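Subject: Structure for your review

Dear colleague,

Please find the structure below, followed by an account of what was found in it. I would be grateful if you could read the two side by side.

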Amino acid sequence: MPDPLKDPSEALDELETRLRSWQPSPAGLSRDRLLFEAGRAAAQQPGMGRGGAWRWQLATVAATILALGFGLGWHRERLERRAIEVARNDVGSPVDRPEIEQPLVSSGPAEKLPPDPCSYFVLVRQFSEENADPGHLDRKPRLAPALPRSTPPAPRAIPMRPRDFNRVIAL
Amino acid sequence: LIEPEVLGRLFDSHSRALGLYARQWCEGADADDLVQEAFLSLCRQPDVPDQVGAWLHRVVRNAAISAARSRKRRRSREAGVASREAWFSSADDQLDARSATLFLREIDQDCRETIVARLWGGLTFDQIARLQGCSLTTAHRRYENGLALLNERLQSPCPTR
């Protein structure tokens, strides 16, 4: 039973002191568990410190917009270039088209003509053959076989000389 | 971010009172999880709040009320099991922990919340009034009424409980 002679405020103070001595149960609370969970939560947000999140988001949005702009610009330029090429192919004449150059030299085998018996190379070869023989001085010089008289000699191509100015005039 | 040493020190000084405070709405592991989540919310703060005790009580209260609303849809068997849980690890030489829990349970919800926040949470009446959304006078009145009821129960414990 409460003591009627006791001051109510004093009784409340005693009661408060008594109640404060009661220890709340820790139950399932664990400091280690809390620190582990806090560390894991911090590791899941790397670089998300003060103001870090919105900076990364802003940079990501800016980079995305820039990439889209470059992509659209590239696509538009490609379409214009393709349109110009199509227009040139439709309007262009054969004169405008580049001609395929024909090779100046025939690809077939070269035709071997007999050398002129009076040419320099034939005469030099003939002279060297005669000198290679030691008894060439006793022999009569070998003449080129005489051509038959019946057939007139074929006109020989006479090379043009600077002194043959009159021939040039005669042409 | 808050250093682990600071967090551990705050946990040691506030966790038990917050657990008791959360048990005004939730029971067992639910209350422990609420306290855990409150400290994790504290971790995500850039700085320690000025009145960290009042801040933690507010976080726990909001989460506990929200959890209690959803818990009403659960089966009643869980509440029956949890009601046997002792809120205190030790009372005093005149009373055991389970009886202390029963006495505290019998008090009105608002008065009990005021007493728990004041005695074990260490909050001022002004902080309690802002926490409960009532006036300072109302907080005082709830506290005194709750203490008077507790005093009466402690003076003449009911043998049926």
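A polar contact is here a pair of N or O atoms within 3.5 Å, where, within protein, one atom must be able to donate a hydrogen and the other to accept it. Please bear in mind that this is a predicted model.

By that criterion, the side chain of Q132(B) makes a polar contact with the side chain of E113(B), at 3.2 Å. The Q132(B) side chain also reaches the backbone oxygen of D110(B), at 3.4 Å. Is Q132(B) buried or exposed? Its relative accessible area is 12%, and since buried means under 20%, Q132(B) is therefore buried. Once neighbours within four places in sequence are set aside, the residues in contact with Q132(B) are R61(B), D110(B), E113(B), T114(B) and R142(B).

Q132(B) belongs to helix α7 of chain B. This helix, residues 125–132, packs against helix α8 of chain B, residues 136–155, at an angle of about 100°, and the two axes are 8 Å apart. Angles of 65 to 115 degrees count as roughly perpendicular, so α7(B) and α8(B) are roughly perpendicular to each other. On the α7(B) side the contact is formed by F125(B), D126(B), I128(B), A129(B) and Q132(B), and on the α8(B) side by L136(B), A139(B), H140(B), R142(B) and Y143(B). Sorted by class, this contact comprises six nonpolar, two polar and two charged residues.

Turning to chain B as a whole, there are eight helices and one strand. Their order from the N terminus is α-α-α-α-β-α-α-α-α. Of the 161 residues in chain B, 48% are buried. Among contacts in chain B with a separation of 6 or more, 62% join residues 24 or more positions apart.

Helix α2 was examined in both chains. In chain B, α2 covers residues 28–43; these 16 residues reach 23 Å from the first C-alpha to the last, close to the 22 Å expected at 1.5 Å a residue. Its buried residues include A31(B), L34(B), V35(B), F39(B) and C43(B), and D32(B) and Q36(B) are also among them. In chain A, α2 covers residues 31–43, and its 13 residues should span 18 Å at 1.5 Å a residue; the end C-alpha atoms are 18 Å apart, which agrees. The N-terminal end of α2(A) is capped by S30(A), with a side-chain oxygen 3.4 Å from the backbone nitrogen of D32(A).

Yours sincerely

Definitions and conventions. Residues numbered from 1 in each chain as written. Chains lettered and ligands numbered in written order. Predicted model: local features only at pLDDT ≥ 70, side-chain atom pairs only at ≥ 80, totals over all residues. Heavy atoms only, no water. Axes fitted to C-alpha atoms, helices over the stretch in contact; angles between N-to-C directions. Helix = DSSP H or I, 4+ residues; strand = E, 2+ residues; numbered from the N terminus. Parallel < 35°, antiparallel > 145°, perpendicular 65-115°, else oblique. Contact = heavy atoms within 4.5 Å. Nonpolar A, V, L, I, M, F, W, Y, C, P; charged D, E, K, R; others polar. Buried < 20%, exposed > 50% of the residue type's maximum accessible area, 1.4 Å probe, protein only. Expected span 1.5 Å × (residues − 1).
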